[in-house]
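Please read them with the coordinates open.

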Amino acid sequence: MISALVVTGCVSKSTANARAHKAYLAGQAAALNSMNTRTNIVILGDVQNHELPWTDDLTLARAIVAAGYDGLHDPKRIILQRQGEQADIDPKDLLRGGDVPLEPGDIITVNER
């Protein structure tokens, strides 16, 4: 008979939760990075398609429409992340014609709040 010695340490629930959250965020970042290396656009939020291929004529408004925004309300906030920087875009500016050209690897977050 073979017996095994199992040594376990005490880990608080908050420490375990923090480790799990850190692993989750690392996984999310890895997924976004892998998507970005393929010159796609990533759209986060209430949309049907979270990834679109980048094209020369792709703009923020076109991307939101192509992604199939399906929130219950009009977006209140749009965040554009590009090369580690982010900009808040007022959805009203898009309606007034202030569209933004997109670049490969851009990440768009569309929020109802």
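Predicted model: local features only at pLDDT ≥ 70, side-chain atom pairs only at ≥ 80, totals over all residues.

1. Pocket composition. The lining of the largest pocket divides into 8 nonpolar residues and 4 charged ones, with no polar residues. The space in this pocket comes to about 280 Å³. Its lining is made up of Ala61, Ile64, Val65, Asp74, Pro75, Lys76, Ile78, Asp90, Pro91, Lys92, Leu94 and Leu95.

2. Pocket and secondary structure. Two or more lining residues come from each of α2 (60-67) and α3 (91-95). The most is given by α3, which supplies 4 residues to the lining of the largest pocket.

3. Overall layout. There are 3 helices and 5 strands in the chain. In sequence order, these elements follow the pattern α-β-β-α-β-β-α-β. The chain has 113 residues, of which 26% count as buried. If contacts in the chain are taken between residues at least 6 apart in sequence, 56% of them join residues at least 24 apart.

4. The sheet. The 5 strands form an open sheet in the order β2-β1-β5-β3-β4, and the pairing is mixed. At its edges are β2 and β4 (85-89), each of which pairs on one side only. From one strand to the next, the twist averages 20°.

5. The β3 and β5 pair. Strand β3 (residues 77-82) and strand β5 (residues 107-111) run antiparallel and are joined by 5 bridges. Within this pairing, leucine 80 has isoleucine 108 of β5 as its bridge partner.

6. Aspartate 74. This residue sits in the loop between α2 and β3 and is also part of the lining of the largest pocket. Is aspartate 74 buried or exposed? Aspartate 74 counts as exposed because its relative accessibility is 62%, and the cut-off for exposed is over 50%. Leaving aside neighbours within four places in sequence, aspartate 74 is in contact with Tyr69 and Glu112. Arginine 113 is 39 residues away from aspartate 74 in sequence, and the C-alpha to C-alpha separation of the two in space is 9.4 Å.

7. Threonine 59. The loop between β2 (51-53) and α2 holds threonine 59. Why does threonine 59 count as buried? Threonine 59 is buried because its relative accessible area is 14%, and buried means under 20%. Not counting residues up to four places away in sequence, threonine 59 touches Asp99, Val100, Pro101 and Leu102.

8. Glutamine 83. A backbone detail to check is at glutamine 83, which has a positive phi of about 50° although it is not a glycine. Glutamine 83 is placed in the loop between β3 and β4. Its relative accessibility is 75%, so glutamine 83 counts as exposed.

9. Of the loops concerned, one lies between β2 and α2, another between α2 and β3, and another between β3 and β4.

How values were computed. Residues numbered from 1 in each chain as written. Heavy atoms only, no water. 1 Å grid on protein atoms, 1.4 Å probe; cavity = no way out; pocket = protein on both sides within 12 Å on 5 of 7 lines; lining within 4 Å. Points joined across faces, edges and corners; volume = space filled by probe spheres on them. Nonpolar A, V, L, I, M, F, W, Y, C, P; charged D, E, K, R; others polar. Buried < 20%, exposed > 50% of the residue type's maximum accessible area, 1.4 Å probe, protein only. Contact = heavy atoms within 4.5 Å. Pairing = 2+ DSSP bridges. Axes fitted to C-alpha atoms, helices over the stretch in contact; angles between N-to-C directions.
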